[in-house]
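The sequence and the model are shown first.

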Amino acid sequence: DSGTAVRASSLAGFERSALSVSGVGLLTATKFADALTTGFGLRYVPGIYEANPLANAAFHRIGIVEGLLWSSFVVVVAITLLTEIAAIAVAARRPDGHLAPVVRVVGYGIPALLFAVVAVYNTTLLLAGIEAATPL
């Protein structure tokens, strides 16, 4: 029946958009944690430096906060565009479209995991810097 087909199509569209929104949310949260810990480290912990030469150049050119905001925005938008274009391309090539969610999980999940790991690493550097600066 056509009503069932429309409901199934709507449900599939909701699942796709929910996965996209969740992926962008996770990506944004982990990139924010990365940027926040990077900013604190660069500003308050002596000896901390930015390992990414492009980001480092931006920080020197426009400032740490502005550089972190712009670079984070560009990274999240670029990953989102690439992931969604890849998911749409996969869905268009396969009539069942069942690999598109996998593309989204990988496209958002791997960078989000990387940003989370970087934020945790940055936190360990911040704590070590605070500990080193605290007199006994």
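## What counts as buried

A residue is called buried when its relative accessible area is under 20%, exposed when that value is over 50%, and partly exposed in between. The model discussed here is predicted, and in helix α4 the residues that count as buried are A100, R104, G107, Y108, P111, A112, F115, A119, N122, L126 and G129.

## Overall make-up

The secondary structure of the protein chain consists of four helices and zero strands, so that, read from the N terminus, the order of elements is α-α-α-α. Of the 136 residues in the protein chain, 26% are buried, and the accessible surface comes to about 9,200 Å², with carbon and sulfur atoms accounting for 73% of that area.

When contacts in the protein chain are taken between residues at least 6 apart in sequence, 66% of them join residues at least 24 apart. A116 is part of helix α4, and because its relative accessibility is 29%, which falls between the two cut-offs of 20% and 50%, A116 counts as partly exposed.

## Helices α3 and α4

Helix α3 covers residues 64-93, and its 30 residues, at 1.5 Å a residue, should span 44 Å; the C-alpha atoms at its ends are 43 Å apart, which agrees with that expectation. Helix α4, which covers residues 100-133, gives a similar check, since its 34 residues should span 50 Å at 1.5 Å a residue and its end C-alpha atoms are 49 Å apart, which again agrees.

The buried residues of α3 are G67, L68, S72, V76, I79, T80, T83, E84 and A87. A87, which lies in helix α3, has a relative accessible area of 1% and is therefore buried. Leaving out residues up to four places away in sequence, A87 touches A100, V103 and R104, and its C-alpha atom is separated by 6.3 Å from that of R104, a residue 17 places away along the chain.

## The ends of helix α2

Helix α2 covers residues 53-62, and its N-terminal end is capped by N52, which has a side-chain oxygen 2.9 Å from the backbone nitrogen of L54. After α2 comes G63, whose phi is positive, near 105 degrees.

## Salt bridges

How many salt bridges does the structure hold? There are two, and in general, side chains of opposite charge can pair when their charged atoms come close. In one of the two, the side chains of R104 and E84 meet at 2.8 Å, N to O. This pair links distant parts of the chain, with R104 in helix α4 and E84 in helix α3, 20 residues apart, and both R104 and E84 are buried.

With a relative accessible area of 16%, which is under the 20% cut-off, E84 counts as buried. The side chain of E84 also makes a polar contact with the side chain of S20, at 2.9 Å. Neighbours within four places in sequence aside, the residues in contact with E84 are S20, R104 and Y108.

The side chains of D34 and K31 also meet in a salt bridge, at 3.0 Å, N to O. Because D34 and K31 are three residues apart in helix α1, which covers residues 2-44, they are separated by about one helical turn. An α-helix has 3.6 residues a turn, so residues three or four places apart point the same way. Both D34 and K31 are buried.

## A nonpolar surface patch

Which residues make the nonpolar surface patch of about 700 Å²? The patch is made by I62, W70, F73, V74, V77, L81 and I85. Helix α3 gives the most to this patch, with six residues, and F73, one of the patch residues, is found in that helix.

Note on methods
Residues are numbered from 1 along each chain as its sequence is written. This is a predicted model: local features need pLDDT of at least 70, side-chain atom pairs count only at pLDDT 80 or more; totals for chains, interfaces and linings use all residues. Side-chain values use heavy atoms; hydrogens and water are left out. Patches are made of residues with over 30% relative accessible area and no salt bridge: like charges are joined within 9 Å, nonpolar side chains (Val, Leu, Ile, Met, Phe, Trp, Tyr) within 5 Å. Accessible areas come from the Shrake-Rupley method with a 1.4 Å probe; for residues, only the protein chains shown count as cover. A salt bridge is a side-chain nitrogen of Lys or Arg within 4 Å of a carboxyl oxygen of Asp or Glu. Buried means under 20% relative accessible area, exposed over 50%, partly exposed in between (1.4 Å probe, protein chains only). A polar contact is a pair of N or O atoms within 3.5 Å; within protein, one must be able to donate a hydrogen and the other to accept it, and residues adjacent in sequence count only if both atoms are side-chain atoms. Contact means heavy atoms within 4.5 Å. The expected span of a helix is 1.5 Å times one less than its number of residues.
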